[in-house]
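Please work through the exercises below with the sequence and the structure at hand. Each task is followed by a solution that goes step by step.

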Amino acid sequence: MELRNVSIIGTGSHVPETIITNADLEKLVDTNDEWIRSRTGIRERRRLAPDETVTDIAIQAARNAIANAGIDALEIDLIVAASMTADLLFPPLACMVQRGIGAANAAAFDTNAVCAGFLFAMVQGTQFLQTGAYRTALIIAAEGITRYVDYSDRNSCILFGDGAGAAVLRASKGGGERTGLIDFDLGSDGSRVDVALCPRPTAPRQWLDTLTAREEVTPYIWQDGRAMFKAAVNGMTDSVKRIMARQGLGPDEITHLIPHQANLRIIEAIGERVGIPTERVALCLEEYGNTSAASMGIALDKWMRLGRIKPGDLAMFTAFAGGLSWGSALFSM
Ligand SMILES: CC(C)(COP(=O)(O)OP(=O)(O)OC[C@H]1O[C@@H](n2cnc3c(N)ncnc32)[C@H](O)[C@@H]1OP(=O)(O)O)[C@@H](O)C(=O)NCCC(=O)NCCS
């Protein structure tokens, strides 16, 4: 079977208006602006207002991507939404967005790969398009992660923010030359589920006893920051290098690196190891912090809107997540 080409034809993003600065966090925990900036690269992040929902920001990001792609919502055949903080356990966020944008012809479902959600959802959506089953897919990642942050834990509360990113993918006949998604690499290591986790408020006690040594069951994000840092640098570096080796590409041939935004030092370490200088790395960490699954979609949209990404450029996406999970995808834009 000849696979179709699958290209990104539109992007969008949306973040809440409320800003949490480093100075705001200084009032909550024993930290300071200098420490946060030098250790993470983050200056501020966004937070959902009490009456604002993850669905609201997901719909807005989706609308922006659809407008940018110049398509009608009825042309969308598939919606894949990535989130670990959707408003409801069910219906899926993808169906909530479908209702919000009027994409009545789409099949819609959610996927959860935590901070690697946008990447996993893009690769997942692409499979339906490459085979010719569908023509147009909407990928959304949206998080209301501040609702799961313990604002007395200085190890984690400085990192996270809320936001949403989206992209429209479209299939076209190959015609011999491969464009759009060129290659991908996904992986997971479930033996390390305890490096970062967040229990549901209803999580059975035994899971907490098995996974952590914590006395108290709190429905907040918990992580071993140092272990996560090391695993993220190694995991994303190795994943990017696997694709470079398979495609016979040197670092100068990759125009942009579009990474998950967890910590500037993690991103710089990857750039250094794979040979891509910071000027070619899409960043939105300073202004939005770690927005989990949404971060890659927001960074992509920012670089598209800035006009940095030109047709034919090679963009390497890479992400790392609790799970542990990681992945990379190479797109000819
Ligand atoms: C969390 C993270 C920012 C911590 O940075 P770090 O450089 O690794 O810092 P360390 O954990 O080694 O801590 C260094 C010191 O700073 C302190 N510290 C931690 N957070 C602090 C804060 N917000 N302000 C001031 N000091 C802080 C620590 O207590 C420690 O003090 P000690 O040496 O007296 O024990 C970093 O490890 C990180 O970004 N990890 C990846 C997290 C991630 O990607 N998570 C997403 C998946 S859920």
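**Exercise 1: the surroundings of S332**

Leaving aside residues up to four places away in sequence, S332 touches T179, G180, I182, G312, D313 and L314, where a contact means heavy atoms within 4.5 Å. This is a predicted model, in which local features need pLDDT of at least 70, side-chain atom pairs count only at pLDDT 80 or more, and totals for chains, interfaces and linings use all residues. Residues are numbered from 1 along each chain as its sequence is written, and side-chain values use heavy atoms, with hydrogens and water left out.

Task: find the element that holds S332, and decide whether S332 is buried or exposed.

Solution: To begin with the element, S332 belongs to strand β13, which covers residues 325-332. Next comes the accessibility: S332 counts as buried because its relative accessibility is 15%, the cut-offs being under 20% for buried, over 50% for exposed and partly exposed in between, with a 1.4 Å probe and protein chains only.

**Exercise 2: the whole chain**

Task: work out how the radius of gyration of the chain compares with that of a compact globule.

Solution: The rule, taken over C-alpha atoms, is 2.2 Å times the number of residues to the power 0.38. For 333 residues a compact globule would have a radius near 20 Å, and the chain, with 19 Å, agrees with this. Buried residues make up 56% of the 333 residues. Finally, of the contacts between residues at least 6 apart in sequence, 77% join residues at least 24 apart.

Key. Helix = DSSP H or I, 4+ residues; strand = E, 2+ residues; numbered from the N terminus.
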